[in-house]
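Here are my notes for a first look through this one. Keep the viewer open as you go and check each point against the picture.

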Amino acid sequence: MSDQKGFFYPRTAGGTSGIIPSPPWYYSGDLLTFEYRTNPERVRELLPAPLELADEDPGAVALIWADWQSCSSSREELLDPVRAQYKEAFVVVRCSYKGKTFSRCVYIWVDKDFAIGRGLHQGYPKKLGSMWQTRPHPFAQGAPQIAEGGMFGATLAAGDRRLAEAVLTLREPSETNGFVNGHPMAHHRIYPDIARGATGDAYSELISSGAAEFEGGQAWRGDVDLRLFESPTEELAALEVDEIIGGYYRQIGVVWNGGETLERLV
């Protein structure tokens with residue numbers, strides 16, 4: 001038997017083929033956040049035991065687009081940008097576990113395989129998708145400004161269907177970029193049973209994780225136009241937009257370096 005190396009699959013003798021390196025992982029990105037209220041029962045349906053609805057504003061949802069550059073401690077990915085840059089769109093709700101409020105990502109789409117690999121480790125339910133968002137630039141010839149009147153568009157598609165589109169028109173600086181995604185994450189890490197005909201999981205745990213370090217630039221809020229669309233393979237549209245809470249733009253930097261098991265379920 002060879003001595004195989006690597007943090008995640010595929011593990012090899014050399015250890016360089018793994019889809020992701022070992023943490024910590026470093027992220028710098030631009031976020032467009034759209035918060036709204038939906039029917040709390042639609043949120044409840046997405047919360048497996050032992051999670052419950054949040055006590056306050058249980059129907060609050062955040063749909064977030066992120067344009068990321070990321071790397072490991074070696075920072076070598078930054079000089080090979082195909083390994084560092086990716087986009088994602090994700091849906092966050094809030095929930096309660098033993099009286100404490102958590103955020104939870106219930107849907108997420110990314111455009112790179114290494115992002116899916118990280119999601120398997122972190123408990124994010126990542127799938128492939130196509131995400132686009134307007135990028136700001138200090139010169140206005142072909143880009144909006146991070147200033148009053150700046151307009152940012154965002155689109156999300158998966159399985160050859162458009163799932164969401166949004167426009168944010170900046171109005172004024174904001175103290176935050178929303179509240180739904182402002183708690184430690186409560187996620188399930190699961191592996192279904194391999195036995196033929198099995199209906200349960202061979203492994204399941206509830207975990208919590210969050211940013212080991214965080215920096216944020218000046219947040220801006222503004223006016224929102226947000227639309228969701230039906231798809232035969234996705235259920236995002238079930239989280240109907242009943243009331244807009246707000247829309248935000250912010251540049252952030254994050255370090256992720258592990259989490260903790262809250263409860264071993266299987």
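1. Let's start with a term: a salt bridge is a side-chain nitrogen of Lys or Arg within 4 Å of a carboxyl oxygen of Asp or Glu. Keep in mind that this is a predicted model, where local features need pLDDT of at least 70 and side-chain atom pairs count only at pLDDT 80 or more, while totals for chains, interfaces and linings use all residues. Residues are numbered from 1 along each chain as its sequence is written, and side-chain values use heavy atoms, with hydrogens and water left out.

2. Have a look at Glu205 first. Glu205 makes a salt bridge with Arg189, and their closest N and O atoms are 2.8 Å apart. Since Glu205 sits in strand β11 (residues 201–216) and Arg189 in strand β10 (residues 185–192), the pair ties together parts that are 16 residues apart in sequence. Strands here are DSSP runs of E with at least two residues, numbered from the N terminus.

3. Glu205 also forms a salt bridge with Arg264, with closest N and O atoms 3.6 Å apart. That pair links distant parts of the chain, as Arg264 belongs to strand β13 (residues 243–264) and lies 59 residues from Glu205. How covered are these residues? Buried means under 20% relative accessible area, exposed over 50%, and partly exposed in between (1.4 Å probe, protein chains only). Glu205 is buried at 2%, Arg189 is partly exposed at 21%, and Arg264 is exposed at 52%.

4. The structure has 18 salt bridges. One of them joins Asp57 and Arg37, whose closest N and O atoms are 2.9 Å apart. Asp57 is in the loop between β2 (52–53) and β3, Arg37 is in strand β1, and 20 residues separate them. Asp57 is partly exposed at 24%, and Arg37 is partly exposed too, at 26%. Elsewhere, Arg162, Glu165, Asp225 and Arg227 are linked in a salt-bridge network.

5. Which charged residue is buried yet has no salt bridge? That's Glu77, whose nearest side chain of opposite charge, Arg83, is 4.2 Å away. For charges, Lys and Arg count as positive and Asp and Glu as negative, with His and the chain ends not counted. Glu77 is in the loop between β3 (60–71) and β4 (85–97).

6. Now β3 itself: 11 of its 12 residues are buried. It runs antiparallel to strand β1 (residues 25–37), with 12 bridges joining the two, and pairs with β4 in the antiparallel sense over nine bridges. Strands count as paired if DSSP finds at least two bridges between them. As examples, Ser28 is bridged to Gln69 in β3, and Asp67 to Lys87 in β4.

7. Finally, the nonpolar cores (sets of buried Ala, Val, Leu, Ile, Met, Phe, Trp, Tyr and Cys residues joined through side-chain atoms within 4.5 Å). The largest has 37 residues, and those with the most contacts inside it include Trp65, Val91 and Trp109. Elements giving two or more residues to this core include β1, β3 and β4. A second, separate core of 23 residues includes Ile64, Ala66, Cys105 and Val254.

Terms used. Helices (H or I, at least four residues) and strands (E, at least two) are DSSP runs, numbered from the N terminus.
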